[in-house]
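User: I'd like to learn how to read a structure like this one, feature by feature. Could you walk me through it?

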Amino acid sequence: MIDTRSQTRRSFVTGLGLLMGGCHRTGTESEGAVPDTGKADVTLRIGPVLVDIAKDHTISTVGYNGSVPGPLIRMREGVPVTVDLFNDTDAPELVHWHGQLIPAEMDGAAEEKSLVVPANGHLRYRLTPQPAGTRWVHSHVMAMSDLHRGTYTGQFGFVYVEPKSQPGAYDQEIFLATHEWEPFYTSAEEGEEMDSEQRARMAAQKKDEKPNGWEIGYQRFTINGKCLGFGEPVRVKEGQRILFHLLNASATENIQLALAGHTFQVVALDGNPVPRPAFVEVLDLGTAERIDAVVEMKNPGVWILGTPKDDDRRDGMGIVIEYANKSGQPRWIKPARKPWDYTLFGDHRAAPAPDEVIPLAIGKINGGTGGFNQWTINGKIYDEKAEPRIVRKGKRYRLAFDNQTDDTHPVHLHRNSFELTNVHGKSTGGVVKDVVTLKGFKKIEADFTPGVEGLMLFHCHQQLHMDYGFKLLFNVT
Ligand SMILES: [Cu+2]
């Protein structure tokens, strides 16, 4: 069995052989679809799964290899792997290797014309994992109004691409993925924290528009497929340094997480080491974002790692952290709320001037009561018949995001990473991400340099936003 949550440093090394069954082939073998000979290094079987999330509460969904999250997949940076994908469902599936710089064929996005895993079928290909860090794998199918497809399901799992050299300044590493269940349509809008400028712009916009369309709510909240208090606790010892790998595997929710009685030292964002590993009490994770954070266990007791939102924590969003020889009710302490700011982790390096600035203004067409909002980039809803926007390999582009909506958008660039250069008017450097969460009415700039040719999708990772127009296709030539 592969423990998806926790591995000590020792089993971290031995665990390698588990999923990567075949011998490691090295060298420059070509990537792409390959014939079915021999054993694959990584196997994912897409199929129905029952998840016991709480006492007498079972979710029926689709997952990978019979578990939710799927098994932790470890790969080595630059070492090619053969991947077997089996689909035991009646619908074609797309398996997206989020955060990896791989050819479009294997990237798992329909817009990029990636290979599809046929319904009740099989697909085998080879890819070369890169870059190192906390990546993940998830379904990339459109869900539209069907809340039992795509990222609403249990099709997600961690992918850890091991660096060539391992710093290893920790005693235990713990992988935790958040996910919500039993989605429903609601007209209630999530109350985002807003400053006076955001509130003024929202008020100005609200005047003569149709009302906001459907939003999504959830009944149950889990970490690693378990509601708070139902699964095994994370067991720690006083004095240990724990490296938490946290993933927001939600379809639509942006979340916060805190560990009562403790402080996080953020060492990587979206798997990429940050220039300044700063200390924070509360982590913000937009949909699909990852945070690697070290916690020094120096406050013995039984604690809750969970969301500061009391209702959501009561409905399951948390996990118990238990020190050796301690027992009793897990404790929660409301954390001091400081606004999350990517620039905390950046430095003052000057970004090279970009070859071109690409303005991306985000807009919304309200769906009205009982309808779906539609999303626009530079005034256009995604059109699959439109020609992709050409970008040149090796050139530096600056994406100038201007969120003209009151909604938060965790936007994602496929097959690439971007470096944040300006956040809400503050310049920064060295923070490399593949998702950046744009708050309502705020501006962020991020630079990228395409390295791999082919189609490259940009979209909002909020499933409902992506499905209803929030996409843009690039072609790297
Ligand atoms: Cu969005």
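Analyst: Gladly! Let's begin with charges: Arg 135, Asp 270, Glu 289, Arg 290, Lys 433 and Asp 434 are linked in a network of salt bridges. A salt bridge here is a side-chain nitrogen of Lys or Arg within 4 Å of a carboxyl oxygen of Asp or Glu. Please keep in mind that this is a predicted model, where local features need pLDDT of at least 70 and side-chain atom pairs count only at pLDDT 80 or more, while totals for chains, interfaces and linings use all residues. Residues are numbered from 1 along each chain as its sequence is written, and side-chain values use heavy atoms, with hydrogens and water left out.

User: How many salt bridges does a search of the whole structure find?

Analyst: The general idea is that side chains of opposite charge can pair when their charged atoms come close. Here the search of the whole structure finds 27 salt bridges. One of them joins Asp 310 to Arg 313, with the closest N and O atoms 3.0 Å apart. Both residues lie in helix H5 (residues 310–314), three residues apart, about one turn of the helix. Helices (H or I, at least four residues) and strands (E, at least two) are DSSP runs, numbered from the N terminus.

User: Are Asp 310 and Arg 313 buried or exposed?

Analyst: For this we use relative accessible area: buried means under 20%, exposed over 50%, and partly exposed in between (1.4 Å probe, protein chains only). Asp 310 is partly exposed at 49%, whereas Arg 313 is buried at 11%.

User: Which residue forms a salt bridge with Asp 195, and which with Arg 149?

Analyst: Asp 195 forms a salt bridge with Lys 442, the closest N and O atoms being 2.8 Å apart. Asp 195 sits in the loop between strand E11 (172–186) and helix H4 (196–206), and Lys 442 in the loop between strand E30 (435–438) and strand E31 (443–448), so the pair ties together parts that are 247 residues apart in sequence. Asp 195 is partly exposed, with a relative accessible area of 31%, while Lys 442 is buried, with 12%.

Arg 149 forms a salt bridge with Glu 93, and there the closest N and O atoms are 3.5 Å apart. This pair also links distant parts of the chain, 56 residues apart: Arg 149 is in the loop between strand E9 (133–139) and strand E10 (156–162), and Glu 93 in the loop between strand E6 (81–87) and strand E7 (95–98). Arg 149 is partly exposed at 22%, and Glu 93 is buried at 4%.

User: How does strand E9 pair with E7 and E10?

Analyst: Two strands pair if DSSP finds at least two bridges between them. Four bridges join E7 to E9, which run antiparallel, and Trp 97 stands opposite Val 137 in E9. E9 and E10 are antiparallel too, with six bridges; Gly 133 stands opposite Val 161 in E10. Seven of the seven residues of E9 are buried, so this strand is largely enclosed by the rest of the structure.
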